[in-house]
Amino acid sequence: MKKRVFSGMRPTGPLHLGHMAGALSNWVKLQEQHECFYSIVDWHALMSNYMEAENTRQYCYDVLMDWLAVGLDPEKCSIFVQSHVPQHAELCLALSMITPLGWLYRNPTYKEQIENMQNKDLSTYAFLGYPVLMAADILLYRAELVPVGEDQSAHLELSRETVRRFNNFYGEGLLVEPQPLWTATPKVPGTDGRKMSKSYGNSLDISESAESMWEKLRSMVTDPARIKRTDPGEPEKCPVWDLQKVFNPDAEELEELAHGCRTAGIGCVDCKKKLNVHIQTMMAPIHERRVRYTKNQKLLADILTHGAETASKAARVTMETLYPAMGLIPAFNR
Ligand code: TRP
């Protein structure tokens with residue numbers, strides 16, 4: 001049975017190999033099996049980046065091109081920008097009526113993010129309400145499945161609680177409780193060995209040229225104990241090995257590389273060269289597709305228009321049921 005799927009990503013810059021190995025490869029599979037809505041959630045990006053809003057527009061296009069490049073297909077799923085479907089904001093307001101402040105203040109993700117981003121003033125009404133908008137995103141489509149990483153579990157739970165409370169007030173079955181579809185997130189370290197992340201400046205971007213990517217891989221840290229070429233290494237302590245495990249599909253070669261590392265039979269540069277070949281083989285068709293889209297601004301705009309139309313249709317159906325349930329006069333003009 002086809003199910004409704006919703007997920008979103010904040011447009012905060014170009015996407016990287018971590019996004020690809022985690023969320024995106026899963027999204028591409030899901031579009032074959034289900035009715036998927038994938039949204040570039042620009043309002044969410046503004047919640048933490050309202051002070052540097054001028055980049056948001058370009059970031060939306062970056063995300064769109066990266067999505068299309070890795071194989072999201074506008075013929076198979078709906079790809080749209082959150083703010084183009086005003087019902088997201090409208091449902092967010094409706095849900096805010098019944099969302100207890102305690103739920104928001106107690107949200108562990110909120111506390112964590114305030115701690116982690118002390119350079120930004122995030123003591124705003126909107127940022128506190130981040131999970132309310134996220135709930136609105138999902139519930140607007142009555143989505144049953146939400147592919148997300150474990151870092152979103154508190155938000156997902158809040159969405160589920162919101163449904164129960166809302167339905168309790170206004171009518172059973174009005175909103176649908178979404179199930180998380182936990183995305184297996186393989187360990188994808190960046191060039192410095194820490195988790196790949198734009199904010200660490202250690203990422204290998206989907207849009208990055210082969211030359212630039214190799215330059216980064218070449219100078220990447222490896223097992224810190226392997227100083228000289230003749231020192232044996234331990235793959236388990238090497239971030240390049242973590243990348244091999246994710247991006248090298250050749251099991252036999254993997255074994256040779258691990259053995260070669262432990263016995264100092266091969267050097268780190270040789271190991272990186274092998275990895276680079278696999279990454280570039282994987283990226284070549286992706287880059288080719290990306291360039292085609294980059295050159296066609298009209299096509300990108302059309303994809304977003306079409307996606308917003310499909311999403312709006314579904315959104316209107318839900319909102320129409322909520323108006324009378326909440327005691328509002330249904331709007332005549334849409
Ligand atoms: N909060 C999500 C993240 O940071 C992005 C997001 C916004 C989302 N709305 C969503 C994810 C709805 C899934 C469903 O990754």
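Is I266 buried, exposed or partly exposed? I266 is partly exposed, with a relative accessible area of 21%; buried means under 20% relative accessible area, exposed over 50%, and partly exposed in between (1.4 Å probe, protein chains only).

The views below show a predicted model, in which local features need pLDDT of at least 70 and side-chain atom pairs count only at pLDDT 80 or more, while totals for chains, interfaces and linings use all residues. Residues are numbered from 1 along each chain as its sequence is written, and side-chain values use heavy atoms, with hydrogens and water left out.

**View 1. I266 and R165.** I266 is found in the loop between α12 and α13 (268-294); helices (H or I, at least four residues) and strands (E, at least two) are DSSP runs, numbered from the N terminus. A distance of 60 Å separates the C-alpha atoms of I266 and R165, which are 101 residues apart along the chain.

**View 2. Strands β1 and β2.** Strand β1 (residues 4-9) pairs with β2 in the parallel sense over six bridges; two strands pair if DSSP finds at least two bridges between them. S7 has Y38 as its bridge partner in β2. Strand β2 (residues 35-40) is largely enclosed by the rest of the structure, because five of its six residues are buried.

**View 3. Strands β4 and β5.** These strands run parallel and are joined by four bridges. The bridge partner of V146 in β5 is P180. Strand β4 (residues 145-148) is covered on both faces, with L145 and P147 buried on one side and V146 and V148 buried on the other.

**View 4. The salt bridge between K187 and D242.** The structure holds 17 salt bridges, each a side-chain nitrogen of Lys or Arg within 4 Å of a carboxyl oxygen of Asp or Glu. One of them joins the side chains of K187 and D242 (3.6 Å, N to O). K187 lies in the loop between β5 (179-182) and α10 (210-218) and D242 in helix α11 (residues 239-247), so the pair ties together parts that are 55 residues apart in sequence. K187 is exposed, at 58% relative accessible area, whereas D242 is buried, at 11%.

**View 5. The salt bridge between E215 and R218.** The side chains of E215 and R218 meet in a salt bridge (2.5 Å, N to O). Both residues lie in helix α10, three residues apart, about one turn of the helix. E215 counts as partly exposed at 40% relative accessibility, and R218 is partly exposed with a relative accessible area of 40%.

**View 6. The salt bridge between R262 and E236.** The closest N and O atoms of R262 and E236 are 3.0 Å apart in this salt bridge. The pair links distant parts of the chain, 26 residues apart, with R262 in helix α12 and E236 in the loop between α10 and α11. R262 is partly exposed, with a relative accessible area of 43%, and E236 is exposed, with 54%.

**View 7. A salt-bridge network.** Salt bridges link E157, R160, R164 and E177 in a network.

**View 8. A negative surface patch.** D250, E252, E255 and E256 form this patch. Patches are made of residues with over 30% relative accessible area and no salt bridge, like charges being joined within 9 Å and nonpolar side chains (Val, Leu, Ile, Met, Phe, Trp, Tyr) within 5 Å. Asp and Glu count as negative and Lys and Arg as positive, while His and the chain ends are not counted. E252 is in helix α12 (residues 251-262) and is exposed, with a relative accessible area of 61%.

Terms used
Accessible areas come from the Shrake-Rupley method with a 1.4 Å probe; for residues, only the protein chains shown count as cover. The place of a charge is taken as NZ of Lys, CZ of Arg, CG of Asp or CD of Glu.
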